[in-house]
Amino acid sequence: MARANRLSVESWLDAAFDLLVREGVSGVKISTLCDELGVTKGSFYWHFDDLGALMESMADYWCGTQNDAVRGLASVESIPVEQRFEMMAQLLIDERNWSVEIAVREWARSDEKVAEAVRQLDQRIFDIIQEALLELNFDAEGARLRAGALVYAGIGFVHGRGSLPTPTSAELRKIFTLLTQES
């Protein structure tokens, strides 16, 4: 059944990310996307040359979205560090964010462009956290160690979903407090 309105690139990307989350990289197929969106393959080819172009657009879109979120965190240096950590915690517990994050990290195992984007994003998050900890007057080594613990904890929260208890906002605040207080 063809739709009356032409799908936007974002509609295709959202559907492709949903499929990536459910089926993994190998499950992202043109025919499946068209079936799920109720359109013909011609609609797909209106926006993308081939599956590779879709996958590249997905990688670019994910990187842009994540970098926008990180830029938003970095640009709020005028608000207290605790509020910045709260914003980061909300990103961690948002279901859509973590489900896509897991799928993209899995995809990064087989695609070097995506892997490099994940590495750059992780480094930017680490840098933002380390800078916030320096603002809390930790010495360079203390800030680096705590930033590493927080970044690894965040990655662990994402991958531990389903097999470990999901932390609440209050629990994440307690973890931040634990790691941001002088011993």
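Predicted model: local features only at pLDDT ≥ 70, side-chain atom pairs only at ≥ 80, totals over all residues.
Me: What does the C-alpha trace span along its principal axes?
Reply: The protein has 183 residues, and 39% of them count as buried. Its accessible surface comes to about 10400 Å², with 53% belonging to carbon and sulfur atoms. Along the principal axes, the C-alpha trace spans about 60 × 30 × 30 Å.

Me: Among contacts between residues at least 6 apart in sequence, what share joins residues at least 24 apart?
Reply: A contact here means heavy atoms within 4.5 Å. Take the contacts between residues at least 6 apart in sequence; the share joining residues at least 24 apart is 64%.

Me: How far apart are the mean positions of the positive and negative charges?
Reply: The protein carries 18 positive and 29 negative charges.

Me: Which residues are closest to the centre of the largest pocket?
Reply: About 610 Å³ of space lies in the largest pocket. The lining counts 32 residues. Helices α1 (9-23), α4 (51-74), α5 (81-93), α6 (95-107), α7, α8 and α9 (169-180) each supply at least two residues of that lining. Closest to the centre are Gln66, Leu91, Asn97, Glu101 and Ile125.

Me: Is Leu92 buried or exposed?
Reply: Leu92 sits in helix α5. Its relative accessible area is 18%. The cut-off for buried is under 20%, so Leu92 is buried.

Me: Leaving aside neighbours within four places in sequence, which residues does Leu92 contact?
Reply: Ile102 is 10 residues from Leu92 in sequence, and their C-alpha atoms are 11 Å apart. With neighbours within four places left aside, the contacts of Leu92 are Trp98, Gly154, Phe157, Val158, Arg161 and Leu172.

Me: Where does Asn137 lie, and what is its phi?
Reply: Asn137 lies in the loop between α7 (112-135) and α8 (140-160). Most residues other than glycine have a negative phi. Asn137 is not a glycine, yet its phi is positive, at about 75°.

Me: Is Asn137 buried or exposed?
Reply: The loop between α7 and α8 holds Asn137. Its relative accessibility is 65%. The cut-off for exposed is over 50%, so Asn137 counts as exposed.

Key. Residues numbered from 1 in each chain as written. Heavy atoms only, no water. Helix = DSSP H or I, 4+ residues; strand = E, 2+ residues; numbered from the N terminus. Buried < 20%, exposed > 50% of the residue type's maximum accessible area, 1.4 Å probe, protein only. Areas by Shrake-Rupley, 256 points an atom, 1.4 Å probe, with all protein chains shown as cover. Lys, Arg positive; Asp, Glu negative; His and termini not counted. Charge placed at Lys NZ, Arg CZ, Asp CG, Glu CD. 1 Å grid on protein atoms, 1.4 Å probe; cavity = no way out; pocket = protein on both sides within 12 Å on 5 of 7 lines; lining within 4 Å. Points joined across faces, edges and corners; volume = space filled by probe spheres on them.
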